[in-house]
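This report walks through one model, from overall fold to single residues. Have the sequence and the coordinates open as you read.

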Amino acid sequence: MYAQVQDLIQAKKYGQATIMLNEIDNRNAVWYYLSSIIAYKKAFFESALENIKQAISLDSDNATYKNFQTKLMSRYSSYSRDYRRTPRYRSNQGCCPCDDCCDCNVGCCELVCMDQCCECMGGDLISCC
């Protein structure tokens with residue numbers, strides 16, 4: 001069953017891989033590792049990190065799992081570091097200078113903070129910010 005899930009991941013059929021993986025009741029280290037890969041491929045980095053940590057806790061001697069965790073951790077670090085190097089972040093100290101400039105129930109600073117969180121995880125809530 002795990003080989004089929006790996007084949008689906010390689011074919012970039014993450015939805016089908018997730019469905020097949022969720023049909024497995026015995027969630028061992030391999031299950032968490034494959035779940036981590038799927039989460040990573042779908043850009044769910046926090047979930048990917050949680051799953052790989054669980055895989056390592058179940059099989060602490062597996063070098064593949066540890067290497068994947070290192071890859072995930074370096075990705076987090078680079079997103080955060082790259083964002084904080086931008087002139088916009090430095091000039092505004094992480095917040096925008098306006099007060100509730102948007103016509104919605106969320107303040108401008110809150111939107112920028114949400115955008116920053118998304119960018120730290122590899123996404124982008126507000127592309128122009």
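## Overall fold

The chain has seven helices and zero strands. Helices (H or I, at least four residues) and strands (E, at least two) are DSSP runs, numbered from the N terminus. Along the sequence the pattern reads α-α-α-α-α-α-α.

This is a predicted model: local features need pLDDT of at least 70, side-chain atom pairs count only at pLDDT 80 or more, and totals for chains, interfaces and linings use all residues. Residues are numbered from 1 along each chain as its sequence is written, and side-chain values use heavy atoms, with hydrogens and water left out.

Of the 129 residues of the chain, 33% count as buried. Buried means under 20% relative accessible area, exposed over 50%, and partly exposed in between (1.4 Å probe, protein chains only). Contact means heavy atoms within 4.5 Å. Among contacts in the chain with a separation of 6 or more, 43% come from residues 24 or more positions apart.

Axes here are lines fitted to C-alpha atoms, for helices over the stretch in contact, and angles run from 0 to 180 degrees between N-to-C directions. Angles under 35 degrees count as roughly parallel, over 145 as roughly antiparallel, 65 to 115 as roughly perpendicular and the rest as oblique. A crossing is left-handed if the near helix is turned anticlockwise from the far one by less than a right angle, and right-handed if clockwise.

Take α1 and α2. Their axes come within 8 Å and cross at roughly 165 degrees. That makes α1 roughly antiparallel to α2. The crossing of α1 and α2 is left-handed. From α1, the contact uses Tyr2, Gln4, Val5, Leu8 and Ile9; from α2, Tyr14, Gln16, Ala17, Met20 and Leu21.

Next, α2 and α3. The axes of α2 and α3 come within 10 Å and cross at roughly 155 degrees. So α2 is roughly antiparallel to α3. The crossing of α2 and α3 is left-handed. On the α2 side, Tyr14, Ala17, Thr18, Leu21 and Asn22 make the contact; on the α3 side, Trp31, Leu34, Ser35, Ile38 and Lys41.

How do α1 and α3 run, and at what angle do they cross? Their axes come within 11 Å and cross at roughly 10 degrees. That makes α1 roughly parallel to α3. Tyr2, Val5, Gln6 and Ile9 of α1 meet Val30, Trp31, Leu34, Ile37 and Ile38 of α3.

## The nonpolar core

In soluble globular proteins, nonpolar side chains tend to be buried together. A nonpolar core is a set of buried Ala, Val, Leu, Ile, Met, Phe, Trp, Tyr and Cys residues joined through side-chain atoms within 4.5 Å. Which of the 26 residues in the largest nonpolar core touch the most other members? They are Val5, Ile9, Tyr33 and Ile52. The elements that give two or more residues to this core are α1 (2-10), α2 (14-22), α3, α4 (45-58) and α5. The largest share, nine residues, comes from α3.

Ile9 touches Tyr14, Ala17, Leu34, Ile37 and Ile38, not counting residues up to four places away in sequence.

## Aromatic pairs

The structure holds five aromatic pairs. Rings of Phe, Tyr and Trp (its six-membered ring) pair if their centres lie within 6.5 Å; planes under 30 degrees apart count as stacked, over 60 as edge-to-face and the rest as tilted. Tyr33 and Phe68 form an edge-to-face pair, 5.9 Å centre to centre with 80 degrees between the planes. Tyr33 lies in helix α3 (residues 29-41) and Phe68 in helix α5 (residues 63-84), so the pair ties together parts that are 35 residues apart in sequence.

Both Tyr33 and Phe68 are buried. Together with Tyr40, Phe45 and Tyr65, Tyr33 and Phe68 form one aromatic cluster.

## Loop residues

Lys12 sits in the loop between α1 and α2. Phi of Lys12 is near 60 degrees, a positive value in a residue other than glycine. Lys12 counts as exposed, at 63% relative accessibility.

Ala43 lies in the loop between α3 and α4. Ala43 is not a glycine, yet has a positive phi of about 70 degrees. At 42% relative accessibility, Ala43 counts as partly exposed.

Ser60 is in the loop between α4 and α5. Ser60 is partly exposed, with a relative accessible area of 41%. Ser60 and Ala29 are 31 residues apart in sequence and 9.3 Å apart in space, C-alpha to C-alpha.
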